[in-house]
Amino acid sequence: METFSVKFRAGSLDLSVIVTEHDHHQKFKVEMVTNEPKPILLMRSVKGEWTIVERGLRNFSEHDFDALKLAIEGQLCETYSVKNMLVLTDFSESSSNAAKYAADLAHQLKSKNLILYHSYESVAIPATAFAPVTGRFTETHEQSLEKITNLKNEVEEWAPEETAVEVRTDERTLISAVNALTAQHYIGLVVAGITGKSSIERVLVGSNTVTLAKNCHAPLLIVPPVAVFQPISTVVFACDLKRVAESTPVLAIKTFVHALGAKLLILNVDYEGGHFDPDTIKEMTHLHELWDNEKPEYHYIDSEDTVAGIMEFARLQDAELVIMVPKHYGFFEGIFHRSLTKKLAYHTHRPLLLFREDT
């Protein structure tokens, strides 16, 4: 569920309303003020067809309702087609490469705003098997501002002329800052690198990436250190066959792929039918109901190692981007475990785009 405001014209009046979406962007409650006793209720089908369920207390004409629907569609498109992008940096080579990738991607997405963010909070790093010593580093606001301004100057050279590049730096914790900025600026995509400069920073950034993947409210694009932007013409959406209708953020993924103008390949990876059960056929039916209108290619492959199978499939298909909707914490542990990080980050140039599961 998410809430946003939109403006539309009803008769001779310019109105601002509060919109709350439910049921995976299929039901919308529209209020002039919070907690109206009888709000407007609209339904939107998977194919984008609108129905008025409750007209509310206001005497809106059909033309007024059409304007309202268009305003809501416009806001959804503004967000999910990534008109506003948030790029995280720790000033490592990897994060600078991610910033360049984001600037290049802004050309294809026609993004309007690109915000660079750095958190200079003091961070205590616990001893782990990867970093058996603890450490703490601090950075002043002035130091951070100088570094991020230098990065901004570089990004402006890479980004489209019409894309505004802004900077933000403060001492908030990363997740709270990212989610606050996402809400304030209707961020459609958060971009992050995967490793830092030193061994201690690699532990920190790896940990932050896992935390981001679990808690970031916007789609998260993870850019490998060796990634070089290529125009995205083919996208692989790797999905499982569990709770397809309930958990897939269909509108967000469709809008993003439309913005790219890319071909969509939908991939399911299994291992010798090990996950087959009586519900599989039902889930496959739901999958086709959600996506057939997009005319994607469907692929089903066997692989003992799911992540390796996905990335190898993407390589064989010359796909420039892989999309996933992780559904459990163990998935993150698996992706960012040292061995799989090596596969994903060091041996591939394909970024990984994580969408949050619909709940």
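Is Phe 256 buried or exposed at 3% relative accessibility? Phe 256 counts as buried, a class that requires under 20% relative accessible area, with exposed meaning over 50% and partly exposed in between (1.4 Å probe, protein chains only). The model is predicted: local features need pLDDT of at least 70, side-chain atom pairs count only at pLDDT 80 or more, and totals for chains, interfaces and linings use all residues. Residues are numbered from 1 along each chain as its sequence is written, and side-chain values use heavy atoms, with hydrogens and water left out.

**View A. Phe 28 and Trp 50 form a tilted aromatic pair.** The structure holds six aromatic pairs. In this one the ring centres of Phe 28 and Trp 50 are 5.3 Å apart and the planes stand at 40°, so the pair is classed as tilted. Rings of Phe, Tyr and Trp (its six-membered ring) pair if their centres lie within 6.5 Å; planes under 30 degrees apart count as stacked, over 60 as edge-to-face and the rest as tilted. The pair links distant parts of the chain, 22 residues apart: Phe 28 belongs to strand E3 (residues 27-31) and Trp 50 to strand E5 (residues 50-54). Helices (H or I, at least four residues) and strands (E, at least two) are DSSP runs, numbered from the N terminus. Phe 28 is buried, with a relative accessible area of 0%, and Trp 50 is buried at 18% relative accessibility.

**View B. Phe 256 and Phe 355 form an edge-to-face aromatic pair.** Their centres are 6.4 Å apart, with 70° between the planes. Phe 256 lies in helix H7 (residues 250-260) and Phe 355 in the segment after strand E17 (352-354), so the pair ties together parts 99 residues apart in sequence. Phe 355 counts as buried at 5% relative accessibility.

**View C. The charged end of Lys 100 sits over the ring of Trp 158.** The distance to the ring centre is 5.5 Å. A charge sits over a ring if NZ of Lys or CZ of Arg is within 6 Å of the ring centre and within 35 degrees of the ring normal. The charged end of Lys 254 likewise sits over the ring of Trp 291, 5.7 Å from its centre.

**View D. Ala 159 lies in the loop between helix H3 (141-158) and strand E10 (164-170).** Ala 159 counts as buried at 9% relative accessibility. Leaving aside neighbours within four places in sequence, Ala 159 is in contact (heavy atoms within 4.5 Å) with Ala 103, His 107 and Val 165.
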